[in-house]
Amino acid sequence: MDFLPVSLNIKAQPCLVVGGGEIAARKVGMLLRAGAHVKVVSPAINEALAEWSAAGKIQHRRAEFQESDLAGIMLVIAATDNAALNQQVSDSARKRNLLVNVVDEPALCNFILPSIVDRSPVMVAVSTGGASPVLARLLRARLETLIPASYGRLADLGARFRGQVKQRLPNTVQRRRFWEYIFQGPIAEMVYAGRDNEANAAVQSALQETANSPALARGEVYLVGAGPGDPDLLTFRALRLMQQADVVLYDRLVTPEILDLVRREAERIYVGKKREFHAVRQEEINQRLVRLAKEGKRVLRLKGGDPFIFGRGGEEIETLAEEGVQFQVVPGITAASGCASYAGIPLTHRDYSQSVVFVTGHLKDGSVHLDWASIIQPKQTVVIYMGLAGLNNLCSELISHGMPATRPVALVQQGTTRQQRVLVGTLASLPGIVAASEVHAPTLLIVGDVVKLRDKLAWFEEQH
């Protein structure tokens with residue numbers, strides 16, 4: 001985080017803008033909308049600034065900037081095309097510990113003016129830390145289409161009832177769920193339609209009903225597939241539930257970028273596993289899900305890939321069902337699909353493979369136990385999860401059971417992320433290639449003639 005996002009109250013506060021052109025006028029307009037008292041210093045000003053000055057909305061000093069102009073000022077914006085002058089303004093303001101922004105010069109700023117979506121009192125600010133103002137404006141334009149103009153009235157509704165709700169619902173979990181119901185349900189639609197009186201009555205009725213039911217809302221578990229690593233592969237439903245959770249239990253395959261999308265206030269509990277080490281045993285995870293849900297919490301169980309493909313999700317919901325706990329399951333893009341796509345390897349292809357099978361290469365007692373006969377089939381792709389530790393055994397067993405030693409194999413490390421790495425060889429050569437490379441889990445093995453297509457179809461590495 002290069003800059004800390006904050007909201008400044010500058011109502012009736014003295015602010016200085018150095019410059020008299022179009023950009024300076026835009027900054028002055030923003031300060032005026034926020035209620036500031038604006039002083040402009042410039043030998044000449046454009047028509048908009050001149051009108052504001054004539055109307056008494058701003059104070060204009062027709063001169064070059066001097067350090068004395070900073071006396072009594074809270075915030076300074078330099079908006080000139082004179083690099084030396086901008087540097088002077090920045091240095092003088094910093095010496096006085098003032099807030100200073102120099103347009104399009106992040107190195108001279110100690111605060112950035114973001115692109116703003118104004119739905120007062122709701123404000124959404126988008127900033128790139130000065131790196132790309134055009135990108136920030138494009139993001140703002142997209143948000144403009146997603147946030148109704150009436151969101152401000154919805155916030156006003158919340159302000160009117162906030163005191164009552166806090167008084168009648170002393171439990172913070174109850175209050176949050178009450179407001180989520182108000183803001184996401186039919187009452188919000190009344191506000192959007194301009195039916196404010198009906199909305200007020202409906203809020204009053206909902207508050208009365210909730211206050212008369214002192215028990216906490218029943219908890220629930222969300223079993224959510226986080227996909228193979230790229231946050232762009234999350235489903236809309238997964239993201240919505242991630243934003244509602246009170247507590248999240250996550251494993252080691254969930255990337256930090258995905259975890260950052262969970263509701264910021266949610267409690268985070270790491271329950272990851274890796275080979276020969278379990279931070280928390282599966283039975284303990286199952287019981288913790290039950291306990292947290294019975295405490296009235298909305299529990300997010302966030303798993304890498306898909307929870308029902310080598311994710312032990314079935315075991316977890318079996319326990320939840322036995323204990324009478326409500327749950328939802330959200331599929332995720334499994335590692336096989338995501339990693340293969342990002343590596344440029346189609347899992348099926350009419351010329352190379354008419355079927356695909358997913359197996360786990362997890363070692364048990366130092367050996368791999370698979371139904372080799374079903375795997376050694378012509379024109380079939382084999383995807384092996386958790387196969388790194390037993391790679392030598394896997395390759396030798398596949399060869400000994402009849403698969404050609406020349407069969408292409410790809411190992412995908414940290415697939416779909418910026419750290420993705422793909423090693424390609426054959427059943428005979430891949431163990432040596434991996435031994436000569438520093439390879440770490442998570443990895444996925446793809447065995448089959450479809451691997452030959454990688455040179456033609458790979459795209460991810462070219463873009464990253």
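Q282 lies in helix α11, which spans residues 282-294. This briefing concerns a predicted model, and Q282 is one of its buried residues, with a relative accessible area of 3%.

**Helix α11**

- The side chain of Q282 makes a polar contact with the side chain of N286, at 2.9 Å.
- Q282 counts as buried because its relative accessible area of 3% falls under 20%.

- Strand β8 covers residues 220-225, and six of its six residues are buried, so the strand is largely enclosed by the rest of the structure.
- Strand β13 (residues 298-303) runs parallel to β8 and is joined to it by six bridges.
- Strand β14 (residues 326-330) also pairs with β8 in the parallel sense, over five bridges.
- Y222 illustrates both pairings: its bridge partner in β13 is L300, and in β14 it stands opposite Q328.

**The open five-stranded sheet**

- Five strands form an open sheet in the order β3-β2-β1-β4-β5, and their pairing is parallel.
- The edges are held by β3 (58-61) and β5 (99-102); each has a single partner strand, so one side of each is left without a neighbour in the sheet.
- Direction ignored, neighbouring strands of this sheet are turned against each other by 20° on average.
- Within the sheet, β1 (residues 14-18) and β4 (residues 75-78) pair in the parallel sense over four bridges.
- In this pairing, V17 stands opposite I77 in β4.
- Helix α3 (residues 83-95) packs on the sheet and touches β1, β4 and β5. The direction of helix α3 makes about 165° with that of β5.

**Aromatic pairs**

- With ring centres required to lie within 6.5 Å, the count comes to six aromatic pairs.
- W179 is buried, with a relative accessible area of 15%, whereas F183 is partly exposed, at 32%.
- F178, W179 and F183 form one aromatic cluster.

**Cysteines**

- A search of the whole structure finds zero disulfides.
- C15 is in no disulfide, and the nearest cysteine sulfur, that of C109, is 15 Å away.
- C15 is buried, with a relative accessible area of 1%.
- For C339, the closest cysteine sulfur is in C395, at 18 Å, which is too far for a bond. A disulfide would require the two sulfur atoms to lie within 2.5 Å.
- C339 also counts as buried, at 5% relative accessibility.

Methods:
Residues are numbered from 1 along each chain as its sequence is written. This is a predicted model: local features need pLDDT of at least 70, side-chain atom pairs count only at pLDDT 80 or more; totals for chains, interfaces and linings use all residues. Side-chain values use heavy atoms; hydrogens and water are left out. Rings of Phe, Tyr and Trp (its six-membered ring) pair if their centres lie within 6.5 Å; planes under 30 degrees apart count as stacked, over 60 as edge-to-face and the rest as tilted. Buried means under 20% relative accessible area, exposed over 50%, partly exposed in between (1.4 Å probe, protein chains only). Helices (H or I, at least four residues) and strands (E, at least two) are DSSP runs, numbered from the N terminus. Two strands pair if DSSP finds at least two bridges between them. Axes are lines fitted to C-alpha atoms, for helices over the stretch in contact, and angles run from 0 to 180 degrees between N-to-C directions. Contact means heavy atoms within 4.5 Å. A polar contact is a pair of N or O atoms within 3.5 Å; within protein, one must be able to donate a hydrogen and the other to accept it, and residues adjacent in sequence count only if both atoms are side-chain atoms.
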